[in-house]
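Biologist: I would like to learn how to read a protein model, one feature at a time. Where shall we begin?

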Amino acid sequence: MNKSRRSALSITTAALTLALGVLTLEEPAYAGELPGNAQGSNTEQSGGGDGKGIYAAARIQYSGSVAKGGGTGNVTSSDVNWTPPPCWYAPYLGAKDFKKEMSKHLEGQLNTPGMTGTAGAAISETQRHYEDGYGWTDTPGYKDYNVENDGKGMFWAGVENPNEPDYLKRTSCTDLPFWVENGDAPPPQYEEAITPEILAALAYQHMELPDTEVTLAPEANTKVNLPTWAWLDKAVFDEVQATAALNVPGFNIQATTTAKPVSLKLEPGTEDAETYPASGECTINADDSIGEPYAKGKADQTPPCGIKYLRSSGDGTYKLQATITWEITWTGTGGAGDDLPNGTFGNDQDITVQEIQAVNR
């Protein structure tokens with residue numbers, strides 16, 4: 001029997017959800033080697049396995065400057081329409097282990113009391129797909145879960161991105177698990193199959209940029225109408241890298257995402273202030289620093305990067321926000337690479353602004 005893949009999935013998706021579900025990343029984290037600029041590292045697991053290497057679940061390993069514990073990093077994309085992938089397809093299990101897991105789930109569901117009608121038919125169809133070679137257009141079936149090719153490839157399945165808040169998006173990779181030979185690319189119809197570009201986006205999502213406290217002069221207490229100089233030295237303003245890698249027998253890819261600082265935006269925390277330059281955007285210098293350190297004798301000069309407060313903060317403080325824009329690029333396996341949307345990350349600093357006290361004689 002032959003039918004279009006999409007029409008078949010209208011009933012087999014229910015079977016997948018009941019029998020296997022989209023794989024979640026639940027197993028223990030694996031600490032990878034940390035480069036010199038590392039903030040933390042962890043590995044996400046894409047499912048179970050019996051620890052026999054080729055049968056083990058695929059794992060995405062994060063290293064470099066990434067958030068600890070597998071959480072989302074602190075970078076905010078400047079493009080509100082850009083989001084990391086909510087789910088993807090990745091190597092899951094070898095044929096023997098997949099047969100063990102899938103057949104157990106299918107038998108359990110078929111033996112569930114009341115499992116009849118459309119749901120029961122969908123599960124039976126899924127069972128035929130893996131046991132009896134039942135397939136449809138562009139999706140061939142398998143005989144005995146393809147165990148005769150065990151060790152020559154892996155079944156791939158959908159993986160949820162645990163940091164995606166939208167449940168429907170996170171669980172949208174619902175195609176039935178499919179076989180990929182070692183060394184082959186996944187079939188082209190699986191557009192969400194893991195690639196270096198997807199790994200680059202995930203590395204971006206996990207990237208942890210360093211806290212950046214702008215040097216000020218005067219440092220924390222300034223005067224009304226007195227220019228406050230702001231700068232960042234090159235030594236504390238360097239590029240940051242995060243790497244995501246997936247390594248299983250016959251399929252090894254990686255991508256490194258690099259964030260390079262390009263500008264600093266100052267927001268005084270009050271409308272009663274002027275910024276230098278007027279836009280508040282301080283661009284990077286030729287030596288990769290930003291602004292210019294204050295030096296004795298420059299008190300009356302206009303700083304290339306800074307603020308002048310026009311009103312006292314009274315008994316409180318102003319929240320000076322310093323936000324750095326980072327240019328994001330990536331490179332990956334096979335010479336792939338491109339730009340990603342710029343990222344931003346900012347810190348708040350408390351500024352006390354006092355009136356200049358005149359002395360009457």
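Biologist: How many aromatic pairs does this structure hold?

Modeller: This is a predicted model, and the count comes to 18 aromatic pairs.

Biologist: What describes such a pair?

Modeller: Two things: the distance between the ring centres and the angle between the planes. Take Trp156 and Phe251. Their ring centres are 4.9 Å apart and their planes stand at 75 degrees, so this pair is edge-to-face.

Biologist: Which parts of the chain does the pair of Trp156 and Phe251 tie together?

Modeller: Trp156 belongs to strand E5 (residues 153-160), and Phe251 belongs to strand E11 (residues 251-267). The pair therefore links parts that are 95 residues apart in sequence.

Biologist: Are Trp156 and Phe251 buried or exposed?

Modeller: Both Trp156 and Phe251 are buried.

Biologist: Why is the pair of Tyr309 and Tyr318 stacked?

Modeller: Look at the planes. They lie at 10 degrees, with the centres 5.2 Å apart, so the pair is stacked. Stacked planes are under 30 degrees apart.

Biologist: Are Tyr309 and Tyr318 buried or exposed?

Modeller: Use the cut-off: buried means under 20% relative accessible area. Tyr309 has 2% relative accessibility, so Tyr309 counts as buried. Tyr318 has a relative accessible area of 11%, so Tyr318 is buried too.

Biologist: Which residues form an aromatic cluster?

Modeller: One cluster is made of Tyr92, Phe98, Tyr130, Tyr142, Tyr145, Phe155 and Trp179.

Biologist: Where does the charged end of Arg128 sit?

Modeller: It sits over the ring of Tyr134. The distance to the ring centre is 4.1 Å.

Biologist: Now a sheet. What is the order of the strands in the open sheet of 3 strands?

Modeller: Read across the sheet, strand by strand. The order is E4-E5-E6, and the pairing is antiparallel. Strand E4 (87-93) and strand E6 (178-181) are the edge strands, each pairing on one side only. From one strand to the next, the twist averages 45 degrees.

Biologist: How many bridges join E5 and E6?

Modeller: E5 and E6 pair over 4 bridges, in the antiparallel sense. Find Gly153 in the model: Glu181 in E6 stands opposite.

Biologist: Which helix packs on this sheet?

Modeller: Helix H2 (residues 95-110) does, and H2 touches E4, E5 and E6. The direction of H2 makes about 105 degrees with that of E4.

Biologist: How do I check the length of a helix?

Modeller: Compare its end-to-end reach with the expected span. H2 has 16 residues. From first C-alpha to last, H2 reaches 22 Å, close to the 22 Å expected at 1.5 Å a residue. Now try H3. Its 15 residues should span 21 Å, and the end C-alpha atoms are 21 Å apart, which agrees.

Biologist: Which residues of H2 and H3 are buried?

Modeller: In H2 they are Ala95, Asp97, Phe98, Met102, Ser103, Leu106 and Gln109. Phe98 is also in the aromatic cluster. The buried residues of H3 include Ile123, His129 and Tyr130.

Biologist: What follows H3?

Modeller: Gly133 does, with a positive phi near 75 degrees.

Biologist: Which residues other than glycine have a positive phi?

Modeller: Asp138 is one of them, with phi near 60 degrees. Asp138 is in the loop between helix H3 (117-131) and E5. Its relative accessibility is 46%, so Asp138 counts as partly exposed. Asn225 is another example, with a phi of about 70 degrees. Asn225 lies in the loop between E8 and strand E9 (228-232). With a relative accessible area of 48%, Asn225 is partly exposed.

Biologist: Where are cis peptide bonds found?

Modeller: Check omega. The bond from Ala217 to Pro218 is cis, with omega near 0 degrees. Pro218 sits in the loop between strand E7 (215-217) and strand E8 (221-223). Another cis bond joins Tyr276 and Pro277, with omega about -5 degrees. Pro277 is in the loop between strand E12 (273-276) and strand E13 (281-283).

Biologist: And the whole protein: how many helices and strands are there?

Modeller: The protein has 5 helices and 17 strands. Of its 361 residues, 48% are buried.

Note on methods. Residues are numbered from 1 along each chain as its sequence is written. This is a predicted model: local features need pLDDT of at least 70, side-chain atom pairs count only at pLDDT 80 or more; totals for chains, interfaces and linings use all residues. Side-chain values use heavy atoms; hydrogens and water are left out. Rings of Phe, Tyr and Trp (its six-membered ring) pair if their centres lie within 6.5 Å; planes under 30 degrees apart count as stacked, over 60 as edge-to-face and the rest as tilted. Helices (H or I, at least four residues) and strands (E, at least two) are DSSP runs, numbered from the N terminus. Buried means under 20% relative accessible area, exposed over 50%, partly exposed in between (1.4 Å probe, protein chains only). A charge sits over a ring if NZ of Lys or CZ of Arg is within 6 Å of the ring centre and within 35 degrees of the ring normal. Two strands pair if DSSP finds at least two bridges between them. Axes are lines fitted to C-alpha atoms, for helices over the stretch in contact, and angles run from 0 to 180 degrees between N-to-C directions. Contact means heavy atoms within 4.5 Å. The expected span of a helix is 1.5 Å times one less than its number of residues.
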